[in-house]
Amino acid sequence: MLHTRTTPSERRRALRARLAESRILPMPGAINPYSARLIQEAGFEAAYLSGAVLAADLGLPDIGLTTSTEIAARAAQTTRVTDLPVLVDADTGFGEPMNAARTLQLMEDAGLAGLHLEDQVNPKRCGHLDGKNVVPVRDMVRRLRAAVDARRDPDFLLMARTDARAVEGLDAAIERAKAYVDAGADAVFPEALASEAEFDAFRKAVDVPLLANMTEFGKGPQLGAGALEDLGYDIVLHPVTLFRYAMGAVEDGLRRIAAEGTQAGLLEGMQTRSRLYEVLDYESYGSFDAAVFDFTLPPSPPGGSS
């Protein structure tokens, strides 16, 4: 009730321990804190906060308009309600190396288990759009070194994302990933790889945990968790899936209410009131409130105070 039962340190250690296993870790992207609770109840072992989703939730495109404090605030709301380790998209670190250092500490304070920083120029673009540009390798290394030096909890996962595949080609992306690992990155997120063969080549070249982004409508192939596990990947990410699915349902519901003048036809697909209350644990809140409301001090012993 009210908050998670685990500490940020416990969740960070849990994520690192899970990445040390040979099983791939599916990581759905939460839409909001409530959906993070549902991700946990569905049996997943980690959750993700997508920069694209957080921007879209504010009615903004994913072009670097959100700020580090906005991201940290939503992250803190999310980590409060789930026992799962949560990884967050920290874009480019929201500025120069000093900004990346501050961003890392903000995300530590928000209770997250880790973040990823990318090598795009600032402001960035969605990783599956054309027209991306990446900074020189030395600039990204400085960005990562600032984050490493600012990190207070050594278990907080620092992941480097490279968008270089679409700009400079696969070989350059691999060489960048190696430089980022040398700079202190604990894991690597190669964005927008174009084929299964490229996923395989990246795995063979880079010896740290790797994340595969299985976003819909992107530039790369849709590979299942089993195929990615066979390729040696450690995380399979579904960053925007729940947002797209939910917003598709919202649009359909609005069309039907407008056409039919009632929501009656939507009830079968809704989460029920009883299920909502179950997820929110209304019963525990009621019990807690009753215990406080009905509490009385015991009577003082005769002839004195205690």
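Biologist: Leaving aside its neighbours within four places in sequence, which residues is Leu115 in contact with?
Modeller: Bear in mind this is a predicted model. Leu115 touches Leu87, Val88, Ala90, Thr103, Leu104, Met107, Phe156, Leu157, Leu158 and Met159.

Biologist: And which residues touch the most other members of the largest nonpolar core?
Modeller: Leu115 is among them, along with Met107, Leu112, Leu117, Leu144 and Leu158. That core has 33 residues.

Biologist: Which elements each supply at least two residues of it?
Modeller: On the helix side, H2 (33-41), H4, H5 (97-109) and H6 (137-150). The strands are S2 (47-49), S3 (86-89), S4 (114-118) and S5 (157-162). Another core lies apart from this one, with 20 residues, including Ile24, Ala177, Val188 and Val206.

Biologist: How far apart are Ala76 and Ala110 in space?
Modeller: 4.4 Å, C-alpha to C-alpha, though they sit 34 residues apart in sequence.

Biologist: New topic: strand S8. How many bridges join strand S1 to it?
Modeller: Four, and the two strands run parallel, with S1 at residues 25-28 and S8 at 235-238. In that pairing, Met27 has Leu237 as its bridge partner.

Biologist: What about S7 and S8, how many bridges there?
Modeller: Three, also in the parallel sense, with S7 at residues 211-213. Ala212 stands opposite Val236.

Conventions
Residues are numbered from 1 along each chain as its sequence is written. This is a predicted model: local features need pLDDT of at least 70, side-chain atom pairs count only at pLDDT 80 or more; totals for chains, interfaces and linings use all residues. Side-chain values use heavy atoms; hydrogens and water are left out. Two strands pair if DSSP finds at least two bridges between them. A nonpolar core is a set of buried Ala, Val, Leu, Ile, Met, Phe, Trp, Tyr and Cys residues joined through side-chain atoms within 4.5 Å. Buried means under 20% relative accessible area, exposed over 50%, partly exposed in between (1.4 Å probe, protein chains only). Contact means heavy atoms within 4.5 Å.
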